Amino acid sequence: MEKNSRQLKIKNTLSRKKEVFEPINPPFVGMYVCGPTVYSDVHLGNCRTFISFDVIFRYLKHLGYKVRYVRNITDAGHLESDADSGEDKIAKKAKLEQLEPMEIVQRYTVDFHKVMDQFNVLPPSIEPTATGHIIEQIEMIKKIIENGYAYVVNGSVYFDVEKYAQENDYGELNGRKLEDLIANTRELGGQDEKRGPLDFALWIKAKPEHIMRWPSPWSVGFPGWHLECSAMSTKYLGEKFDIHGGGMDLIPTHHTNEIAQSRACNHTEPVNYWIHTNMLTVNGQKMSKSLGNSFLPHELFTGNHPLLDKGYSPMTVRFFMLQAHYSSTLDFSNDALNSAEKGYHRLMSAIVTLNKLQPSSETSNFNVQELKDKVYEALNDDFNTPIAIAQLFEGIRFINSVADKKATVSEKDLDTLKTLYHSIVFDVFGLKEEILEDNSELINGLMKIIIDIRLKARKNKDWETSDAIRDQLKELGIILKDSIDETTWTIQ
RNA sequence: GGUCGCGUGGCCGAGUGGCUAGGCAGUGGUCUGCAAAACCAUCUACAGCGGUUCGAAUCCGCUCGCGACCUCCA
């Protein structure tokens, strides 16, 4: 393999270029991803982001890096609007349902974990919560004030963007000029406390009716949304760490402000590589809660949604997402999901076939090493899973041909193939076998008896009986396949 | 309005200067009692116009269409 293709390259939002990945302290890698705000069910767009970063996490580990992956839970401070005057999302929901805010947080955190588990997303190394880090956030605000980048008004603390922008490039992540940003700011009510239109809250004094509140040097109140990520990433990954990720809709405000806060506090660029995932779309439009076109995971799994013909399994959906690059929009449709379902089954059954394969010759009539190189080349090129999958499908044709005795494979190549498919498909892509594995003695014994009876019927050309057995088993979800020398079965 | 991005064959979706992406669907064949699966072959492309180049889906310009952000959103 070329040395080039061995190196992992990452598209960095900061530079807008693909850069060779060089961790600060190899083999350690610090990665922070903005997690969910747990005030309602996760929708599928969120899931796409977490699945994308799960693959990135898995691949980095596969390459031998020791990754500390921090993904937060936002359980306070996320307001309804960015005017810093709206209600806290959690508190609002709590009021609506007459529950403690922490009951809301608990319910949707549990639900979130359950969905992540269904998608076979690995838990992060650390999953810190905003409410668990109020002290860290207060300390950070103190420093920012000391450094002169924040001011206090009526018990609330605001970040001074214009002051910051005098010495720093505020728009370095979103590529916009300060004047343009200011020119495009809408006049919003409730902003009278802010000096500049781009200033944002670090600490917000709680109104009397606000139920989520903590004491601070400035007021009894709560932290601003952007602050938690800066405080927690600094605490667990240091003032400067390797990778920060999230959905691309976080670029213009959340991540831009995160950088500003961190720099204002620690005087250093906090992140080397920014990775942003693109949106999931429905009929070409961004899937979002406010547009009402979002799917909940369980609606997708069960098919219980007006836009869906049927349900699709978590692994089908995961595979579907991996067939597109994380940085492209991905459009949701029944046709696309159906194709993905079939493709996923083709991949999985090829692995079952591969597991049973025996070396058939001293040589292989397929370049297995080249296949392996191409798969890694693809993944090293900014985690290009669609290309890697395409390569795996090239290999599947070979695997099936060997099984059909139309091609040969050497022992060494067979080993390489098995290792490649297992490590990429299961370890890196995080896919798993969904077909029910029931290898109990009883079932296997029963199936052998049934297949033997049917075999006799077939030898006697009693097609009526043999077809009846096959049809009735199919109704139970057991699929029989007659090949030349044997009949195999699978449970679906 | 400002900033940015996109437009690929029936559908999804890679690819950024010259070599078949891939999946699903279709067509023909092999295999098969049939079915399924599999294998082989094969069809449908690069929004439009102009430019650069020996050569462009790929670079540049214009036009048209779509989207994202600028308001909470992964």
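Two strands are taken to pair if DSSP finds at least two bridges between them, and this is the sense in which strand pairing is described below. In this predicted model, an open sheet is built from four strands in the order β4-β3-β9-β10, and their pairing is parallel. Its edges are formed by β4 (66-71) and β10 (271-277), each of which pairs on one side only, and from one strand to the next the twist averages 20 degrees.

**Pairing of β3 with β4**

- Strand β3, which covers residues 28-33, pairs with β4 in the parallel sense, and six bridges connect the two.

- Helix α2, made up of residues 44-62, lies across β3, β4, β9 (241-247) and β10, and its course runs at about 175 degrees to β3.
- Helix α8, spanning residues 225-237, also packs on the sheet, where it touches β3, β4 and β9, and the direction of α8 makes about 165 degrees with that of β3.

Technical notes
Residues are numbered from 1 along each chain as its sequence is written. Chains are lettered from A and ligands numbered from 1 in the order in which they are written. This is a predicted model: local features need pLDDT of at least 70, side-chain atom pairs count only at pLDDT 80 or more; totals for chains, interfaces and linings use all residues. Side-chain values use heavy atoms; hydrogens and water are left out. Axes are lines fitted to C-alpha atoms, for helices over the stretch in contact, and angles run from 0 to 180 degrees between N-to-C directions. Contact means heavy atoms within 4.5 Å.
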